[in-house]
Structure formats: structure tokens, C-alpha cells
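Okay, thanks for coming, everyone.

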Amino acid sequence: MFKIARFSARRLGRRPSFPVTVRPTRADVAVAHSIARNTAPAPEHVARALTWGADEKVLLVLAAAGWLACRGCGVPLRRAGNHALLVTVAASLLPHGLKVVFDQTRPDRRTVIGHVHGAPLSGKRKDAFPSGHALHMGALASAASALPAGPRQAIRALAVGLSLIVILAHWASDVVAGFALGAVLERALRLWTGYPNGISAEDDHADS
């Protein structure tokens, strides 16, 4: 079964030890326990297949293809292609770096009931925090702010949906933290790439 614990804080007068152990909250444990008891093999297989939509390898290929496709376009679209590729690369590297600093045991390593009900084992045992898939989706949802209302809402709904697909690979707080980190990362990289300056004008010209 799941063990209830709190975030292990540094004690006064002691140097911090690395990696830092992050423990699930009571809410995390309650959510994971409920999922483990109520899941089944079929939805778990579907959920695992859908997570490929947020997989870093797939997104890197798509971002690279988009970058190449934008090379012959106007400056705003080239800027958007540069931004998308840079954000995707950064969002792929950041979770790996954070998982070196932080250790957190995945919920699927703390349940027997979940595996009986079809939950698979995922990734490395202590790589729960943060969710890399959610980080990518947070960046995507943030980048969509430059798009017209229809595409923006559709992309954000897709990003949230893919982030919420639960296969007991992460605690709920890992997903929330990953999504927020992705959004912050995307906004920070705008200062470098200049995105989304001129995108609306480019779109208007293309539609005319």
C-alpha cells in the first residue's frame, strides 16, 4: 500500500544532502490510492498509449520538423519555429536535471493493488518528481496564448488532458508542478526568442 509522508525539510545547522528526498502529501496518497483501487487493464493501456502525445522524443521530432518547415516563411513564423524548438529542447532537459537533484519514489512502486488492476511499472523508481510529460504540456499551453481563440482553447484542452492521464507514474503534485514549470520556462524563453512578436500579423496575411 501507499505510505503517507511529508516533504523532508532540511534540519537547522545541517548542510543539505543531495539528492533531496521529496515525499508525497496526504492528498497525493489519497488520489493515488483511489486510482489504484478503481483502475483496470484496458484504461491503463489506453492511457499509456495516449501519453506518447506528450513524450519528449515525439515532441522533439515534431519541433525539429516544424523548425525546418518554417525556414522558408516570414520572420514571425521563423521566430515561432525557433521558439518551439528551443522550448522543446529545454523542456526535455530540465526534468532530467531536476531528477538528479530530487528523489521521489513513483506511486506505482508503492502499490500492489494497482498492479493487480493493470497498472504497469514506469521509468526509474525514484524519478517521480517532476512529471516531464506535464512540463512539456505546460509549455505548450503557455505558448498557445499567441494563437487565435479557437486553436488556443483546443491546444490548452489537449495539454491539460494529456497531463491528467494517470498511470500511477507520478503523484498529483508532480503533475501540477511539472505543468507550472513548463509554463514558466516557456515564458522565460520568450525573452530570448522574441516570440510571439508579429505572429498575429503573419496569420492575418496568410488568411487574406
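So, start with helix α4, residues 75-101, and helix α6, residues 132-143: their axes come within 9 Å and cross at roughly 145 degrees. Axes here are lines fitted to C-alpha atoms, for helices over the stretch in contact, with angles from 0 to 180 degrees between N-to-C directions. Helices are DSSP runs (H or I, at least four residues), strands too (E, at least two), numbered from the N terminus.

Quick caveat: this is a predicted model, where local features need pLDDT of at least 70 and side-chain atom pairs 80 or more, while totals for chains, interfaces and linings use all residues. Residues are numbered from 1 along each chain as its sequence is written, and side-chain values use heavy atoms, leaving out hydrogens and water.

Who touches whom? On the α4 side, Val87, Thr88, Ala91, Ser92, Leu94, Pro95 and Lys99 meet Gly132, Leu135, His136 and Ala139 of α6, contact meaning heavy atoms within 4.5 Å.

Now α6 itself. Ten of its twelve residues are buried, that is, under 20% relative accessible area with a 1.4 Å probe, protein chains only (exposed is over 50%, partly exposed in between). Among them are Leu135, Met137 and Ala141. The buried residues of α6 pack against α3 (56-69), α4, α7 (149-164) and α8 (172-193).

And how buried is phenylalanine 129? Its relative accessible area is 16%, so phenylalanine 129 counts as buried.
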